[in-house]
Amino acid sequence: MKKSPVPTNLILGFLGAGKTTAILQLLEQKPAGQTWAVLVNEFGEIGIDGAIYASRQAIVRELPGGCLCCALGLPFQVTVNRILAEIKPDRLLIEPTGLGHPKKILEQLTGGYFRQALDVRASICLVDPRKLKEARYTSNENFVDQIALADVLVANKTDLADAEAMALFHQRVNSSRPVKTVAAQTCRGKISADWLDLQRHPERSAFFPEAHADAHRQSKAEISHDSATSGPRPDYRSEGRIYPADCLFSYARLYDLLARYPVTRIKAVVATDRGWFIFNGADGLLECREIPPGQESRIEWMLGQDEAGFPWTEIDRCLLPQDSSRQ
């Protein structure tokens, strides 16, 4: 019996737009009895998002250490093929890094072998409307084309946006051609799983289809990768650590440190004296939520080239003494 193509969606959004929270919301709406797989691509190397989704009993596969559109080719094909063969999901969600350009991903998913194996449906893009007021975002090719190629465009974090930001969002929606299938407003990543079954519009096009490839070629010559820093673009870098299972953090001390430390992006999945938590920080705001216990703690942040390195010494001071942490 011939297998039906697997419904597949891209979940897009620039740094801090709320993709991870939105995917967690989608996973909570998964129909009983279905198996959903998440292919997550992260800027760094230690797999923070993968650990977050795994905490929600999602089946996760990761392509870390760069952006998915630059990793297209054999690693991507092998990973998707293994998902289809081993997991046999009822749906596949793909989360490219916020620095990624979706054009090449869509081209690969809708062509060649995957044309028969996948049913690529609507792409959903989350936007923080406040970013529409800043030229460094509205002139960024990836930011612009994530919006352009989305079928569903969602203004997230609207509880933090002012009237000017929302007006700019509506301008983007009204000027989009073809028109967006859905344009919506939300906060805390609350989106509808019904949007996943909307059809992809094949005529959506990128404004800057080659810009990201040029930046990647340049960055390969400019950036050296080691165990502490990685990334495909010269204007960002990431650093991260994995802590053994017997390490326990002081929740109060760690929250205080992460809340006041000004970097572009902070994510952590950690064991604390109050339980296991996800810490998710961007633009000076830190969110946290309790999760089921995991295997090991992970902390990672992303920062611009003009930002100072993260104080690992201060992070280590948030650890509780081994002889008292399990009492």
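Of the contacts in the protein chain with a separation of 6 or more, what percentage is accounted for by residues 24 or more positions apart? Please then examine helix H3 and the core to which it contributes.

Modeller: The model is predicted. Residues 24 or more positions apart account for 75% of the contacts in the protein chain with a separation of 6 or more. The chain has 327 residues, 55% of which count as buried, and its secondary structure comprises 12 helices and 13 strands.

Helix H3 covers residues 74-87. At 1.5 Å a residue, its 14 residues should span 20 Å, and the 19 Å between its end C-alpha atoms agrees with this. Within H3, the buried residues are Phe76, Thr79, Val80, Ile83, Leu84 and Ile87. Viewed down the helix axis, the buried residues lie within an arc of 130°, and therefore they line one face of H3. After the helix comes Lys88, with a positive phi near 50°.

The largest nonpolar core contains 39 residues, of which Leu39, Leu92, Leu109 and Leu118 touch the most other members. H3 gives the most to this core, namely five residues. Apart from this core lies another, of 34 residues, including Leu26, Leu248, Ile278 and Leu320.

Beyond its neighbours within four places in sequence, Leu118 contacts Val80 and Leu84, together with Pro5, Val6, Thr8, Leu92 and Leu109. Val80 and Leu84 are among the buried residues of H3. In soluble globular proteins, nonpolar side chains tend to be buried together.

Technical notes. Residues are numbered from 1 along each chain as its sequence is written. This is a predicted model: local features need pLDDT of at least 70, side-chain atom pairs count only at pLDDT 80 or more; totals for chains, interfaces and linings use all residues. Side-chain values use heavy atoms; hydrogens and water are left out. Helices (H or I, at least four residues) and strands (E, at least two) are DSSP runs, numbered from the N terminus. The expected span of a helix is 1.5 Å times one less than its number of residues. Buried means under 20% relative accessible area, exposed over 50%, partly exposed in between (1.4 Å probe, protein chains only). The arc is that of the directions from the helix axis to the C-beta atoms. A nonpolar core is a set of buried Ala, Val, Leu, Ile, Met, Phe, Trp, Tyr and Cys residues joined through side-chain atoms within 4.5 Å. Contact means heavy atoms within 4.5 Å.
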